[in-house]
Each structure stands twice: as C-alpha cells, then as structure tokens.
Amino acid sequence: DVGLDCDKYATPARTREDILRELHIPQEATVLLSVGTLRMQKRLRVVMQAMTRLRTQEQLHYVICGEGPDMVFLQKLTEKLHLEERVHLLGYRTDIPDLLGAADIFCMPSRREGCGMAALEAMAAGLPVCATETGGIPRLVTRGESGLLSPVGDSAAFADNCAALLADPAQGDRFGRAGRQRVERSFSFDAMVAAHEGIFMRLAARERA
C-alpha cells in the first residue's frame, strides 16, 4: 500500500518561478518532467525523440530528475539530438514536490514499470500524465481521464500524446484534477487508513460471528 501525503504535493515549498529561474528555464516555457532511476527500462530517450518531433514548440523544455547508469548515455543523446538548451539532467534531487509543481506534463515512457510510484506523485501534484501501457500504469492512469497512454517504445505516438496535451491546456488541467482526485480517493494516507480499518472491522466481525 502506498499512502501518499497529498498535501505535500499540492503545496510545494518553492514556487514554479523560483524553480525555473534556478534551472535557467524561461518563465514562459512549457515543462515536461520525468523522475526516476536513469536506466534503460525507463526509456527516457523516447521523450527526447518525441521532442525532436515537436521542434516547433520553441519553449518546450524537458527536465529529468534522477541518477543511474544511463546518465552518460542521456547526456550524449542530448548532444546528438541538439537538445542541449532544452533538456536538463538534474541528477539526484530531494525537492520532488517542488519540481512537480514547476512542471506542466509528467512523462513516463517506461518499457517496464511496477506500481508507478512516480506517476502517483505526479497525479497528487495535479499533473496530467503521458505514459506507456506497461505494468501497473494503466491501473493508475485512466486513458482520457487523468492522462494519455501510448504503446511501449512508440516515440511517434508518445509525441502525438504530448502534442495533444500541449495544444489543449484545458484538457491537461482536467486530467490533472481527475488524477489528484483519484490519488486522494484511493492512494492517500487517509484512504489507506480507511481501507485497513475496514479490513480489521470485517475480521473482528467474523471472529464475533
């Protein structure tokens, strides 16, 4: 069971303006964000490939938070795709709620994924999620309700989904609100406590029967 502190993600300690200023990203930019260990199964290159298809989006920036064995590969790919000015590899950070608060779309292009904790955190922060249909993600992110899903490894479909969210910010806002409501309803501390209380009450009722 997860039990997220939703308030921590709804009220980040620092403003979007402060975070973008620190990262040298223009205030008017649209920010894609991925959070997690940098390893091959995360397939973050799919987002970079999607960005090459979205070059007309001049103020589009991609922030990657995390460290891992793929760091050097991603640095070299950034150079190869000429995205040095728009991809920001931050390494390990402890201010994830602040970074989520500064982003516009959360990207999870994983080849394999378990419970998708990072997606839940993004939903708790009210972000629309652009992800792949793998592992537990489809159980968390409802297609067309809290985000958009694409086949694993399909950078064109992933780019199309990003483009759809970029073209319709109101839709992204609706997805973000729906995602936060889902987390509050099913994955918050209060929801987990209520679920466990229900289990204990049913067990106690059986023992009394």
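**Figure 1. The largest cavity has a volume of about 80 Å³.** This is a predicted model, in which local features need pLDDT of at least 70 and side-chain atom pairs count only at pLDDT 80 or more, while totals for chains, interfaces and linings use all residues. Residues are numbered from 1 along each chain as its sequence is written, and side-chain values use heavy atoms, with hydrogens and water left out. On a 1 Å grid over the protein atoms alone, a cavity is a set of points where a 1.4 Å probe fits but cannot get out, and lining residues have an atom within 4 Å of a point. Grid points are joined across faces, edges and corners, and a volume is the space filled by probe spheres set on the points. By this rule there are three cavities of 30 Å³ or more. Look around the largest cavity and you will find Ser34, Val35, Gly36, Thr37, Leu38, Lys42, Leu44, Phe106, Cys107, Met108, Pro109 and Ser110. Strands β1 (30-35) and β4 (105-108) each give at least two residues to this lining, and β4 has the largest share, with three. (Strands are DSSP runs of E, at least two residues, and helices are runs of H or I, at least four, numbered from the N terminus.) By type, the lining holds seven nonpolar, four polar and one charged residue. Here Ala, Val, Leu, Ile, Met, Phe, Trp, Tyr, Cys and Pro count as nonpolar, Asp, Glu, Lys and Arg as charged, and the others, Gly among them, as polar.

**Figure 2. The largest pocket holds about 300 Å³ of space.** A pocket is an open set of points with protein on both sides within 12 Å along at least five of seven lines. Of its 16 lining residues, Ala103, Asp104, Pro128, Pro169 and Asp173 are the closest to the centre. Helices α5 (96-102), α8 (155-167) and α9 each supply at least two lining residues, with the largest share, three, coming from α9. The lining is made up of nine nonpolar, five polar and two charged residues.

**Figure 3. Helix α6 (residues 117-124) meets helix α9 (residues 169-186).** Their axes, lines fitted to C-alpha atoms over the stretch in contact, with angles from 0 to 180 degrees between N-to-C directions, come within 7 Å and cross at roughly 115°. The two helices are therefore roughly perpendicular, a term for angles of 65 to 115 degrees. On the α6 side, Leu120, Met123 and Ala124 make the contact (heavy atoms within 4.5 Å), and on the α9 side Gly176, Gly179, Arg180, Arg182 and Val183 do so. These residues comprise four nonpolar, two polar and two charged.

**Figure 4. Helix α3 (residues 45-53) crosses α8 at roughly 65°.** Here the axes come within 8 Å. From α3, Val46, Val47, Gln49, Ala50 and Arg53 meet Ser155, Ala156, Phe158 and Ala159 of α8. Six nonpolar, two polar and one charged residue make up this contact.

Key:
Parallel < 35°, antiparallel > 145°, perpendicular 65-115°, else oblique.
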